[in-house]
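Here is a short briefing to read beside the model.

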Amino acid sequence: MDGASPELDFSLAKEADFGEVMSISGDIYGGIDYLPARYHAWLKQPSRKVILAKSKGRVVALVSTNIVDDGHTVVLEGLRVTPKERGKGIAGLIQRYCLDLIRNQFPEVKVRRYSRSGHFEPESLSKFRLICRQEILALHFNLEEVRPKLDAAIAQLKVSGTEWEDPILLQASDVKRVFLNPCVVDNVLPGRTIIQDWAPYKPLESNLETLLKRDLFWMADSKEEPKVLTLGTAPYRIPIEAECHRFNIDIFGKHFPHARNQFLAQLQHGTSALQGPLYCLLYLAPSLWQEMLSFCQSSLGLRKERDIEGQNVLETEV
Ligand SMILES: CC(C)(COP(=O)(O)OP(=O)(O)OC[C@H]1O[C@@H](n2cnc3c(N)ncnc32)[C@H](O)[C@@H]1OP(=O)(O)O)[C@@H](O)C(=O)NCCC(=O)NCCS
């Protein structure tokens with residue numbers, strides 16, 4: 001620690017705190033932060049609490065808790081500390097405050113989960129169980145430039161005969177059957193977990209009901225025996241540049257051709273009404289990363305925009 005931790009007051013975030021939360025978030029994730037797009041919706045979700053830490057009346061940290069998995073798990077998201085106050089233990093303090101709150105108000109919550117980017121030394125993992133790890137491929141391009149290449153890449157795969165099968169856009173009525181299929185749970189979902197835009201959910205009916213209320217694109221290669229499933233989160237605005245959207249595609253399964261086809265179909269479907277710059281983030285099995293990057297380079301003329309360390313879903317007792 002560089003200095004003594006300041007006195008903190010904890011409170012629930014309100015709409016009126018938005019400006020201050022954004023002002024402490026300026027450097028987060030190099031301008032591709034999801035919180036500006038999520039903040040207002042988060043405040044309205046009954047299962048969620050967004051907690052602020054204030055020092056001398058000013059916001060210095062934020063974290064959100066969301067109770068999922070039939071009430072047994074709390075997912076921590078959005079952790080951030082204002083740059084000037086980092087290294088003083090505030091992230092630890094705000095998380096401890098939240099966990100005390102959860103223990104008191106929701107004694108049935110036994111497990112805490114969160115996703116964190118990076119590599120972990122074995123000693124840090126003595127505190128957590130690693131549930132799964134997905135690699136991240138970050139692509140940044142202009143939709144007008146890439147759309148003709150996208151259409152051409154799909155057309156070329158179609159004429160090859162064996163490489164392409166139309167990915168299936170799942171209807172709400174299909175989603176539970178496909179995602180709760182025991183073979184999918186055991187063999188397709190990483191660590192038996194559905195990850196949507198960084199948040200981990202166990203494959204349970206209650207979680208799927210919650211996710212089905214969101215603006216998501218659910219895709220599969222087959223309804224009966226899927227090898228690959230994808231979850232596209234409807235593109236949302238990010239602060240990095242004017243008119244720029246972020247499109248997250250969570251890819252589950254290790255079969256490269258089907259993962260590639262669903263990536264292309266997600267991109268075509270999810271961005272059809274958009275133009276301008278897009279930040280597309282693919283979260284995928286480590287074994288697929290290099291092949292996906294090579295395909296993006298050779299067929300779409302894209303390059304990796306930046307290195308983002310992998311996404312780890314971690315779990316420990318509350
Ligand atoms: C990461 C960040 C929140 C750390 O804040 P900090 O106040 O400097 O951290 P501290 O001095 O409290 O550091 C240690 C504590 O924070 C926890 N921590 C650090 N990074 C963390 C992360 N990415 N996710 C969860 N917990 C984290 C540590 O486990 C430790 O907790 P402990 O005291 O219970 O062991 C801060 O640097 C930040 O806001 N970074 C930008 C946003 C970001 O990367 N957020 C992480 C979300 S994945």
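Which residues of H4 meet which residues of H8? On the H4 side they are Leu150, Asp151, Ile154 and Leu157; on the H8 side, Arg260, Asn261, Leu264, Leu267 and Gln268. The model is predicted. The points below take helix packing first.

**Helix H4 against H8**

- The two axes come within 10 Å and cross at roughly 140°.
- H4 and H8 therefore count as oblique to each other. The roughly antiparallel class needs an angle over 145 degrees.
- The crossing of H4 past H8 is left-handed.
- Five nonpolar, two polar and two charged residues make up the contact of H4 with H8.

**Helix H4 against H9**

- H4 spans residues 143-160 and H9 spans residues 289-300.
- Their axes lie 10 Å apart, and the packing angle is about 105°.
- That angle makes H4 roughly perpendicular to H9.
- From H4, Lys149, Leu150 and Ala153 take part; from H9, Phe295, Ser299 and Leu300.
- This contact of H4 with H9 has four nonpolar residues, one polar and one charged.
- Leu150 of H4 meets H9, and Leu150 also meets H8.

**Salt bridges**

- The model has 21 salt bridges.
- Arg80 and Asp33 form one of them, at 2.6 Å from N to O.
- Arg80 sits in strand E4 (residues 73-81), and Asp33 sits in the loop between helix H1 (18-23) and H2, so the bridge ties together parts 47 residues apart in sequence.
- Both partners are buried: Arg80 has a relative accessible area of 2%, and Asp33 also stands at 2%.
- Lys176 and Glu209 pair through their side chains at 2.7 Å, N to O.
- Lys176 belongs to helix H5 (residues 172-179) and Glu209 to helix H7 (residues 205-212), so this pair joins parts 33 residues apart in sequence.
- Lys176 is partly exposed at 25% relative accessible area. Glu209 is partly exposed too, at 37%.
- Asp307 and Lys304 form another salt bridge, with their closest N and O atoms 2.5 Å apart.
- Asp307 counts as exposed, at 64% relative accessibility. Lys304 counts as partly exposed, at 28%.
- Arg113, Arg129, Glu315 and Glu317 are joined in a network of salt bridges.

- Leu35 lies in helix H2, which runs over residues 35-44.
- With 0% relative accessibility, Leu35 counts as buried.
- Apart from neighbours within four places in sequence, Leu35 contacts Val21, Met22, Trp42, Leu62 and Arg80.
- One of these contacts, Arg80, is the salt-bridge partner of Asp33.
- Pro203 is 168 residues from Leu35 along the chain, and the C-alpha atoms of the two are separated by 25 Å.

- Gln266 is part of helix H8, residues 256-270.
- Is Gln266 buried or exposed? Gln266 counts as buried, at 0% relative accessibility.
- Neighbours within four places in sequence aside, Gln266 is in contact with Phe217, Met219, Thr230, Leu231, Gly232, Phe247, Ile249 and Thr271.

**Positive phi in residues other than glycine**

- Trp198 has a phi near 85°, a positive value in a residue other than glycine.
- Trp198 is in the loop between strand E8 (194-196) and strand E9 (199-201).
- A relative accessible area of 16% makes Trp198 buried, because the cut-off for buried is under 20%.
- Glu243 also has a positive phi, near 65°, and is not a glycine.
- Glu243 is placed in the loop between strand E11 (229-237) and strand E12 (245-252).
- With a relative accessible area of 48%, Glu243 is partly exposed, because exposed begins over 50%.

Technical notes
Residues numbered from 1 in each chain as written. Predicted model: local features only at pLDDT ≥ 70, side-chain atom pairs only at ≥ 80, totals over all residues. Heavy atoms only, no water. Helix = DSSP H or I, 4+ residues; strand = E, 2+ residues; numbered from the N terminus. Buried < 20%, exposed > 50% of the residue type's maximum accessible area, 1.4 Å probe, protein only. Contact = heavy atoms within 4.5 Å. Salt bridge = Lys/Arg side-chain N within 4 Å of Asp/Glu carboxyl O. Axes fitted to C-alpha atoms, helices over the stretch in contact; angles between N-to-C directions. Parallel < 35°, antiparallel > 145°, perpendicular 65-115°, else oblique. Nonpolar A, V, L, I, M, F, W, Y, C, P; charged D, E, K, R; others polar. Left-handed = near helix turned anticlockwise from the far one by under 90°.
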